[in-house]
Amino acid sequence: MSELVLLKHITHPDSTDIEFYEKNGGYQGLKKVLSDYSPGQVIETIKTSSLRGRGGAGFPTGLKWSFVPKDDGKIHYLCCNADEGEPGTFKDRLLMERDPHRVIEGMIIAAYAIQSQVAYIYIRGEYGLSIEKISQAIKAAYARGYLGKNIFGSRFCLDIYIHKGAGAYICGEETALLESIEGKRGQPKLKPPFPAVSGLYGCPTVVNNVETLACVAHIFARGVDWFTAIGPEDAPGPRLFGLSGRLQNPGIYELPMGLSLRELVFDYGGGPLTGQLKAVIPGGLSAPMIPLAGLDVKMNFADLAAADSMMGSAAVIALDETTSIPVIGRRIAEFFSHESCGKCTPCREGLHWASKILNRIESGQGRPGDLEQLQVLCGGIFNNSFCALGVGASWAIGATLKHFSHEYDALITQQTIPVRDRTRL
Amino acid sequence: MTAEYSKQTIIADLTAPIADIVKRYPTQRSAIMPALYLAQEKYGFIDETAYLAISEILDVPEIWVFELASFYTLYKNKNIGKCHLQICTNVPCMLRGAYDMLEHLQTRLGISQGDTSKDGLFTLSTVECIGSCDVAPAMMVNEIYHTKLSKQSINQLLDQLTQAETESLATDILSLTQNTSSANNEPLANEQPLANKQFSENTESLTKSEPTAGPES
């Protein structure tokens with residue numbers, strides 16, 4: 001893939017202006033959709049594209065849309081999930097700040113496909129500039145007639161509103177996000193019913209990630225063949241990889257999926273900052289880390305799953321030899337314990353407990369049996385948590401134990417404190 | 001921030017803007033989160049007085065307001081400093097020395113994480129990932145991101161903010177800590193993509209970026 005698409009205009013000073021966007025083909029895909037496609041054809045097109053969600057779970061987007069009942073007489077809702085909070089992930093912020101019209105165009109096309117006349121974009125509260133840019137883009141789109149009544153002279157009408165999050169990681173989980181828009185605490189709901197059948201205000205609802213919707217806009221601007229020609233057959237299209245941690249060249253890289261993790265961190269990330277690489281977290285903090293020996297894994301959904309990890313949000317965090325894994329394990333536990341919504345006991349109590357044990361080990365007070373205890377605990381959280389937060393957290397902590405038990409053992413048996421811990425307050 | 005704070009004045013101030021917000025949603029309840037933000041922006045913080053006022057304006061039970069104000073971390077129930085320093089200590093920032101920067105901030109300001117300086121200028125908080133991982137360690141001061149923090153860039157920033165305050169240019173603090181389109185578009189012009197496939201935010205509006213120091217020791 002030689003041409004950049006998602007990042008094409010990102011550094012252009014006018015990238016957020018509607019005139020600039022239109023001059024570069026913006027809203028032409030939407031025009032095509034509204035004049036030539038039935039909603040069903042839009043869904044079929046996205047199914048043919050094999051687009052998979054860019055938020056974390058990687059669910060096929062067209063299939064998700066097709067679950068929304070047709071002609072049921074109910075109100076349908078589209079929600080754009082812009083509650084980017086998975087540690088290591090910073091791609092949606094970039095898209096909203098620098099290419100907001102792409103996101104809006106994708107939302108309008110998706111809303112048309114599922115026949116939704118009201119859409120919400122749920123942006124995390126910390127992303128002030130994203131909110132400002134998306135808000136300006138919405139205003140400009142209304143002024144041009146891309147939003148509001150009878151868009152492009154069709155019978156399709158759509159209003160888009162921003163719902164500003166207020167600092168809860170869990171609201172990135174789709175049912176929690178919908179609860180939050182309804183004005184409730186962000187706590188996940190049991191599935192089924194899936195949101196496509198009973199979502200926002202009990203109505204059929206689709207929740208799609210920012211990058212997913214940007215891809216939708218590009219697919220209708222450039223055609224399905226362009227999209228499917230990029231990357232592996234089961235996971236085509238460009239993807240934004242966010243590289244961070246102990247790398248020479250962190251940043252966002254637009255690449256096809258299917259390249260190896262090794263290529264990603266060495267050829268693009270420039271390799272470790274110091275000495276040897278130790279492990280890499282391939283898909284955001286809830287994705288289990290992959291040790292150096294596993295670095296040839298291909299970066300796509302199936303291969304990462306086979307390697308006991310996941311693609312997640314494609315946020316790649318590298319750890320080099322200066323990194324103490326027990327310290328990272330403790331910090332992972334603390335983060336998820338802090339963000340647990342409190343609804344289910346395994347996650348709320350289990351992660352708090354895990355975090356206490358990990359803190360004890362790190363401070364040189366580890367006891368024999370702590371690791372076994374942690375393993376049992378992680379298994380309990382993994383198997384019994386209500387939503388993916390507890391599952392991801394325990395999986396990620398478990399991976400540090402599985403691959404680096406020797407580092408934990410050393411701390412427990414020698415009652416030492418890791419070097420990095422001296423910088424901790 | 002200096003508006004009078006009582007249930008009656010809140011109701012008088014916010015009834016009209018909240019009525020506008022309600023139009024976006026099919027239920028009154030959905031407007032609670034934006035209403036809490038409105039009150040917080042106007043008065044600097046929100047507590048039982050505001051919860052009660054909002055519950056009256058929206059005609060919803062007070063507990064519906066209270067449970068959101070206490071669940072979501074961006075709602076503040078006490079006044080904080082003019083400059084809210086929110087330093088990220090999550091893993092990507094931690095790997096780039098965030099805890100050293102936190103220690104430096106605490107030493108420089110003479111306060112602990114969670115506290116406000118005596119002059120009411122700075123509140124220091126640790127936060128989870130703020131989506132600035134490629135240019136870690138990162139911190140938000142009110143709305144503005146400061147990235148690739150170093151002790152030197154932190155000193156420079158604190159001096160600048162303190163100076164803006166002592167010369168009692170209240171608007172300066174605002175302009176230094178809030179998003180304005182022009183300020184945030186500025187860095188784009190200087191953007192030098194390192195490679196054609198890469199984007200990395202290498203510039204910031206207020207502080208100069210410094211290359212990250214080597215590993216923590």
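Predicted model: local features only at pLDDT ≥ 70, side-chain atom pairs only at ≥ 80, totals over all residues.
Figure 1. The axes of H13(A) and H14(A) approach to within 8 Å and cross at roughly 150°. Because angles over 145 degrees count as roughly antiparallel, H13(A) is described as roughly antiparallel to H14(A). The crossing of these two helices, H13(A) and H14(A), is left-handed. On the H13(A) side the contact is formed by Pro326(A), Val327(A), Gly329(A), Arg330(A), Ala333(A), Glu334(A), Phe336(A) and Ser337(A). H14(A) contributes Leu351(A), His352(A), Ala354(A), Ser355(A), Leu358(A), Asn359(A), Ile361(A) and Glu362(A). Sorted by class, the residues of the contact of H13(A) with H14(A) are eight nonpolar, five polar and three charged.

**Figure 2. Packing of helices H14(A) and H16(A).** Helix H14 of chain A comprises residues 345-365, and helix H16 of chain A comprises residues 388-414. Their axes come within 12 Å and cross at roughly 20°. With angles under 35 degrees counted as roughly parallel, H14(A) is therefore roughly parallel to H16(A). The crossing of H14(A) and H16(A) is left-handed. From H14(A), the residues Pro346(A), Cys347(A), Leu351(A), Ala354(A), Ile361(A) and Glu362(A) take part in the contact. They meet Leu389(A), Gly390(A), Ala393(A), Ile397(A), Tyr408(A), Leu411(A) and Ile412(A) in H16(A). The contact of H14(A) with H16(A) contains eleven nonpolar residues, one polar residue and one charged residue. Leu351(A), Ala354(A), Ile361(A) and Glu362(A) of H14(A) take part in the contact with H16(A) and also in the contact with H13(A).

Figure 3. Ala196(A) is buried, because 20 other C-beta atoms lie within 10 Å, and 20 or more is the criterion for a buried residue. Neighbours within four places in sequence aside, Ala196(A) is in contact with Lys64(A), Phe67(A), Val68(A), Pro204(A), Thr205(A) and Val206(A). Gly364(A), 168 residues from Ala196(A) along the chain, has its C-alpha atom 50 Å from that of Ala196(A).

**Figure 4. The side of chain A that touches chain B.** The contact between the two chains involves 58 residues from chain A and 54 residues from chain B. On chain A, each of the following supplies at least two residues: helix H5 (91-98), helix H7 (128-143), strand E3 (159-164), strand E5 (238-245), strand E6 (251-256), strand E9 (315-320) and helix H13 (325-339). The residues on this side of chain A comprise 28 nonpolar, 18 polar and twelve charged.

Figure 5. Chain A contains 16 helices and nine strands. Its radius of gyration is 22 Å, close to the 22 Å given by the globule rule for 425 residues, so chain A is as compact as a globular protein of that length. The C-alpha trace of chain A spans about 75 × 45 × 35 Å along its principal axes. Of the 425 residues of chain A, 58% count as buried. Chain B contains nine helices and five strands, arranged from the N terminus as α-α-α-α-β-α-α-β-β-β-α-α-α-β. In chain B, 40% of the 217 residues are buried.

Methods
Residues numbered from 1 in each chain as written. Chains lettered and ligands numbered in written order. Buried ≥ 20, exposed ≤ 12 C-beta atoms within 10 Å, placed from the backbone. Contact = placed C-beta atoms within 7 Å. Helix = DSSP H or I, 4+ residues; strand = E, 2+ residues; numbered from the N terminus. Nonpolar A, V, L, I, M, F, W, Y, C, P; charged D, E, K, R; others polar. Rg over C-alpha atoms; globule rule 2.2 N^0.38 Å. Axes fitted to C-alpha atoms, helices over the stretch in contact; angles between N-to-C directions. Parallel < 35°, antiparallel > 145°, perpendicular 65-115°, else oblique. Left-handed = near helix turned anticlockwise from the far one by under 90°.
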